[in-house]
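Me: I would like to go through this structure in questions and answers. Please keep each reply brief and end it on the value or name asked for.

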Amino acid sequence: MMKGERAAAERLNAMFEPLWSLFKKCGSFRVMYAIGSLLGLFEAEPPRPVLPVPASARPRIEAALDELG
């Protein structure tokens, strides 16, 4: 590992921590479908039997994306 890479990796990991938390709580597959929808990339739900993230999680996903810029 090159000097400074660890600090950069830790900084990036901290920036993504809200998403990592949502991945753990709601499932990364489901969260990625919500992200795609929120970013206007597509309008679809995960294939059944997988359910979309609960509506209550969407504001947290939006906030995590806002923090990433």
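Me: Where is P49 placed, and what form does the peptide bond from R48 to P49 take?
Reply: This is a predicted model. P49 belongs to the loop between α2 and α3. Most peptide bonds are trans. The bond from R48 to P49 has omega near 20 degrees, and its form is cis.

Me: Is R48 buried or exposed, and with which residue does R48 form a salt bridge?
Reply: The relative accessibility of R48 is 53%, so R48 counts as exposed, the cut-off being over 50%. Side chains of opposite charge can pair when their charged atoms come close. For R48 the closest N and O atoms of the pair are 3.2 Å apart, and the partner is E45.

Me: How many salt bridges does a search of the whole structure find, and how far apart are the closest N and O atoms of R6 and E10?
Reply: The search of the whole structure gives two salt bridges. R6 and E10 sit in helix α1, four residues apart, about one turn of the helix. Residues three or four places apart point the same way, because an α-helix has 3.6 residues a turn. R6 and E10 form a salt bridge whose closest N and O atoms are separated by 3.0 Å.

Me: What are the relative accessible areas of R6 and E10?
Reply: R6 is exposed, since its relative accessible area is 56% and the cut-off is over 50%. E10 is partly exposed, and its relative accessible area is 45%.

Me: Why does the distance between the end C-alpha atoms of helix α1 agree with its number of residues?
Reply: Helix α1 covers residues 5-26, which is 22 residues. At 1.5 Å a residue, these should span 32 Å. The end C-alpha atoms agree with that because their separation is 30 Å.

Me: Where in α1 does the kink lie, and what is its angle?
Reply: The proline in question is P18, and the kink comes shortly before it, at E17. The angle of the kink is about 55 degrees.

Me: Which residues of α1 are buried, and against which helices do the buried residues of α1 pack?
Reply: Buried means under 20% relative accessible area. In α1, L19, L22 and C26 are buried. The helices that the buried residues of α1 pack against are α2 and α3.

Me: Is A64 buried or exposed, and which residues is A64 in contact with, leaving aside its neighbours within four places in sequence?
Reply: A64 lies in helix α3. Its relative accessibility is 4%, so A64 counts as buried. With neighbours within four places in sequence left aside, the contacts of A64 are P18, L19 and L22.

Me: Which residues of α2 are buried, and against which helices do they pack?
Reply: The buried set in α2 consists of V31, A34, I35, G36 and S37. S37 is counted here because its relative accessibility is 13%. The buried residues of α2 pack against α1 and α3.

Me: Which residues does S37 touch, not counting residues up to four places away in sequence?
Reply: S37 is part of helix α2. Residues up to four places away in sequence are not counted, and S37 then touches F42, E43 and R58.

Me: Is V53 buried or exposed, and which residues does V53 touch, not counting residues up to four places away in sequence?
Reply: V53 occupies the loop between α2 and α3. V53 is buried, because its relative accessible area is 9%. Not counting residues up to four places away in sequence, V53 touches C26, R30, V31, A34, R58 and I61.

Me: Is L41 buried or exposed, and what is the area of the nonpolar surface patch made by L39, L41 and F42?
Reply: L41 is in the loop between α2 (28-38) and α3 (58-68). Its relative accessible area is 62%, so L41 is exposed. Together with L39 and F42, L41 makes a nonpolar surface patch of about 310 Å².

Definitions and conventions
Residues are numbered from 1 along each chain as its sequence is written. This is a predicted model: local features need pLDDT of at least 70, side-chain atom pairs count only at pLDDT 80 or more; totals for chains, interfaces and linings use all residues. Side-chain values use heavy atoms; hydrogens and water are left out. Patches are made of residues with over 30% relative accessible area and no salt bridge: like charges are joined within 9 Å, nonpolar side chains (Val, Leu, Ile, Met, Phe, Trp, Tyr) within 5 Å. Accessible areas come from the Shrake-Rupley method with a 1.4 Å probe; for residues, only the protein chains shown count as cover. A salt bridge is a side-chain nitrogen of Lys or Arg within 4 Å of a carboxyl oxygen of Asp or Glu. Helices (H or I, at least four residues) and strands (E, at least two) are DSSP runs, numbered from the N terminus. Buried means under 20% relative accessible area, exposed over 50%, partly exposed in between (1.4 Å probe, protein chains only). The expected span of a helix is 1.5 Å times one less than its number of residues. The bend at a residue is the angle between axes fitted to the seven residues ending there and the seven starting there. Contact means heavy atoms within 4.5 Å.
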